[in-house]
Amino acid sequence: MAKIIRKARPKSRSAAKPASKKPARKAAAKSGQARKPSKPKPWTSAEVLEAFSRFRKANPEPRGELEHLNPYTLLVAVVLSAQATDAGVNKATRALFAVADTPEKMLELGEEKLRDYIKTVGLYRNKAKNVIALSQKLIAEFGGEVPRTRAEIESLPGAGRKTANVVLNMAFGEHTMAVDTHVFRVGNRTGLAPGNTPLEVELGLEKVIPSEFMRHAHHWLILHGRYTCLARGPRCEACLINDLCRWPEKTV
Ligand code: SF4
């Protein structure tokens with residue numbers, strides 16, 4: 001019986017040389033349509049001016065809600081406020097600051113008694129350690145005073161960039177922008193300063209907000225986030241800047 005020999009089929013051009021499987025991403029990037037996150041339309045200078053003029057008109061002298069008596073007690077209050085509410089910190093510090101409103105008095109009080117005063121505040125053991133350590137450092141290196149530069153404040157135990165920004169702004173009137181959870185949310189939702197990290201939002205806000213508003217901008221944005229642009233259920237109908245806000249999910 002004759003053997004049937006099957007001739008190998010000539011490979012089609014495309015089979016012989018598979019079409020280049022350029023990742024779709026690359027192709028899209030080439031055409032300028034790479035997976036860009038949809039960015040909101042940037043605010044114009046006139047819009048930013050309008051928004052902050054409205055904040056200023058509604059609340060010309062906004063106040064921070066952390067109670068303090070001087071730069072030192074402000075610093076301590078901010079260190080204690082990490083992952084805690086201002087109201088919770090105030091409850092603890094009212095009695096504490098009545099007996100210890102300077103680094104020297106805090107050291108006299110001692111870590112154990114300090115813990116008793118702040119035990120209602122989250123992470124209080126670690127925070128008490130930091131407050132004692134920062135008080136020692138203030139006395140040893142800064143003459144018992146809160147230093148006035150970001151780097152120096154950040155060098156204190158328990159103090160990071162946000163702490164430094166709050167202290168520089170509230171105690172010394174510097175045009176800094178502390179980004180907490182509220183400012184981070186408002187910066188992103190409104191489209192004023194979108195960013196993936198607090199630092200990106202901070203730098204973005206500093207770039208767009210005119211200097212004349214920077215003294216109070218931090219408080220306006222915190223208060224806006226705390227009482228109007230709530231994380232869940234923002235009160236867009238009562239929002240001063242709802243016509244300017246870029247958030248696609250705003251309810252007005
Ligand atoms: S309109 Fe709504 S989402 Fe936009 S800033 Fe105001 S409260 Fe926030």
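Guide: Start with contact: it means heavy atoms within 4.5 Å. This is a predicted model, where local features need pLDDT of at least 70, side-chain atom pairs count only at pLDDT 80 or more, and totals for chains, interfaces and linings use all residues. Residues are numbered from 1 along each chain as its sequence is written, and side-chain values use heavy atoms, with hydrogens and water left out.

Visitor: How many helices and strands does the protein chain have?

Guide: Helices (H or I, at least four residues) and strands (E, at least two) are DSSP runs, numbered from the N terminus. Here the protein chain has 13 helices and 0 strands.

Visitor: What share of the residues in the protein chain is buried?

Guide: Buried means under 20% relative accessible area, exposed over 50%, and partly exposed in between, with a 1.4 Å probe and protein chains only. Of the 252 residues in the protein chain, 40% are buried.

Visitor: Which residues have the most contacts inside the largest nonpolar core?

Guide: A nonpolar core is a set of buried Ala, Val, Leu, Ile, Met, Phe, Trp, Tyr and Cys residues joined through side-chain atoms within 4.5 Å. The largest has 36 residues, and Tyr72, Leu75, Leu96, Met106, Leu114, Ile118 and Val131 have the most contacts inside it. Helix α4 gives the most to this core, with 8 residues. Another core, of 24 residues, lies apart from it; among its members are Val183, Leu205, Cys239 and Ile241.

Visitor: Where does the ligand sit?

Guide: On a 1 Å grid over the protein atoms alone, a cavity is a set of points where a 1.4 Å probe fits but cannot get out. A molecule sits in one if more than half of its atoms lie within 2 Å of its grid points. The ligand sits in the largest cavity.

Visitor: Which residues surround the ligand?

Guide: A residue counts if one of its heavy atoms lies within 4 Å of the molecule. The ligand is surrounded by Thr190, His224, Cys229, Pro234, Cys236, Cys239, Asn242, Cys245, Trp247 and Lys250. This shell holds 6 nonpolar, 3 polar and 1 charged.

Visitor: Is His224 buried or exposed?

Guide: His224 is buried, with a relative accessible area of 7%. His224 lies in helix α13 (residues 211–227). Not counting residues up to four places away in sequence, His224 touches Phe55, Val186, Cys229, Cys239 and Ile241.

Conventions. 1 Å grid on protein atoms, 1.4 Å probe; cavity = no way out; pocket = protein on both sides within 12 Å on 5 of 7 lines; lining within 4 Å. Nonpolar A, V, L, I, M, F, W, Y, C, P; charged D, E, K, R; others polar.
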